[in-house]
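This briefing concerns a ligand site and the packing of helices. Please consult the sequence and the structure shown below while reading.

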Amino acid sequence: MAAAYAGIDVDAVTVETGPQPTMLTDANPLGKIPVWITDEGDGIYDSRVITQYLNRLSGNKLFPRNAEKRLDAERMEALADGLCDCLLAIVYERRSRPEEIVHQPWIDKQWAKVVRVLDVLNANPPKLPKSITAGQIALRAAIGYMDLRFAGKWEKGRPRLKRWAARFDEKFPELKAVIPQG
Ligand SMILES: N[C@@H](CCC(=O)N[C@@H](CS)C(=O)NCC(=O)O)C(=O)O
């Protein structure tokens with residue numbers, strides 16, 4: 001999404017992380033996505049390092065130059081990425097443990113973080129001016145992940161955030177088109 005917004009060509013490659021294929025681990029020893037592979041074959045990770053890289057490559061299309069506004073954008077991006085980390089912790093707890101040893105208090109703790117973040121965002125959704133930052137893009141991507149794994153759950157009682165995503169899609173259909181699908 002960030003590459004599309006910054007006008008940088010990318011060949012998207014879908015990879016299944018579960019089996020940790022070498023095409024992934026060669027590019028990122030952590031075996032995680034996203035990873036950006038440069039024309040020289042170097043792997044760049046994680047998503048916040050990638051957006052900083054694309055920002056430099058595109059002449060600041062993803063972050064404002066103004067220090068205060070830049071901090072706001074970086075913080076929004078960190079909040080959205082952190083939200084995904086909590087959601088992933090829940091998904092992996094359920095997916096990787098036998099049912100009888102799934103630790104519900106851990107899931108509840110992660111979900112409490114998700115609830116706090118979503119309530120803050122619903123109370124005050126970020127602005128959607130013509131020119132957006134990696135912050136709004138990261139939030140739309142996080143909502144895409146919630147639609148995939150937590151559909152019907154995350155949006156309950158959060159109509160403003162749900163409308164925010166719909167407005168984002170209306171304003172930036174070319175980004176909506178590249179939200180990764182499961
Ligand atoms: N904070 C990292 C998170 C990366 C991450 O956890 N990616 C998941 C995406 S589903 C993954 O690749 N998981 C596979 C694994 O941990 O083995 C980022 O934003 O790049």
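The notes that follow cover the ligand surroundings and then the helix pairs.

The model is predicted: local features require pLDDT of at least 70 and side-chain atom pairs count only at pLDDT 80 or more, while totals for chains, interfaces and linings use all residues. Residues are numbered from 1 along each chain as its sequence is written, and side-chain values use heavy atoms, with hydrogens and water left out.

**Ligand shell**

- The residues around the ligand are Thr-17, Gln-20, Gly-31, Lys-32, Ile-33, Pro-34, Asp-46, Ser-47, Asp-85, Leu-88 and Tyr-92; a residue is near a molecule if one of its heavy atoms lies within 4 Å of it.
- By class, the shell holds four nonpolar, four polar and three charged residues. Here Ala, Val, Leu, Ile, Met, Phe, Trp, Tyr, Cys and Pro count as nonpolar, Asp, Glu, Lys and Arg as charged, and the others, Gly among them, as polar.
- Helix 4 (residues 67-96) contributes the most to this shell, with three residues. Helices are DSSP runs (H or I, at least four residues), numbered from the N terminus.

**Polar contacts and burial**

- Ser-47 places a polar side-chain atom 2.4 Å from an oxygen atom of the ligand; a polar contact is a pair of N or O atoms within 3.5 Å.
- For Gln-20, a polar side-chain atom lies 3.5 Å from an oxygen atom of the ligand.
- Asp-46 has a polar side-chain atom 3.5 Å from a nitrogen atom of the ligand.
- The ligand taken alone exposes 510 Å², of which the protein buries 77% (areas from the Shrake-Rupley method with a 1.4 Å probe).

**Helix packing**

- The axes of helix 4 and helix 6 (residues 134-149) come within 7 Å and cross at roughly 20°. Helix 4 is therefore roughly parallel to helix 6. Axes are lines fitted to C-alpha atoms, for helices over the stretch in contact, and angles run from 0 to 180 degrees between N-to-C directions.
- Helix 4 and helix 5 (residues 104-123) pack at about 150° with axes 9 Å apart, and are therefore roughly antiparallel. Angles under 35 degrees count as roughly parallel, over 145 as roughly antiparallel, 65 to 115 as roughly perpendicular and the rest as oblique.
- Helix 6 and helix 7 (residues 159-171) have axes that come within 11 Å and cross at roughly 115°, so the two are roughly perpendicular.

Note on methods. A polar contact is a pair of N or O atoms within 3.5 Å; within protein, one must be able to donate a hydrogen and the other to accept it, and residues adjacent in sequence count only if both atoms are side-chain atoms.
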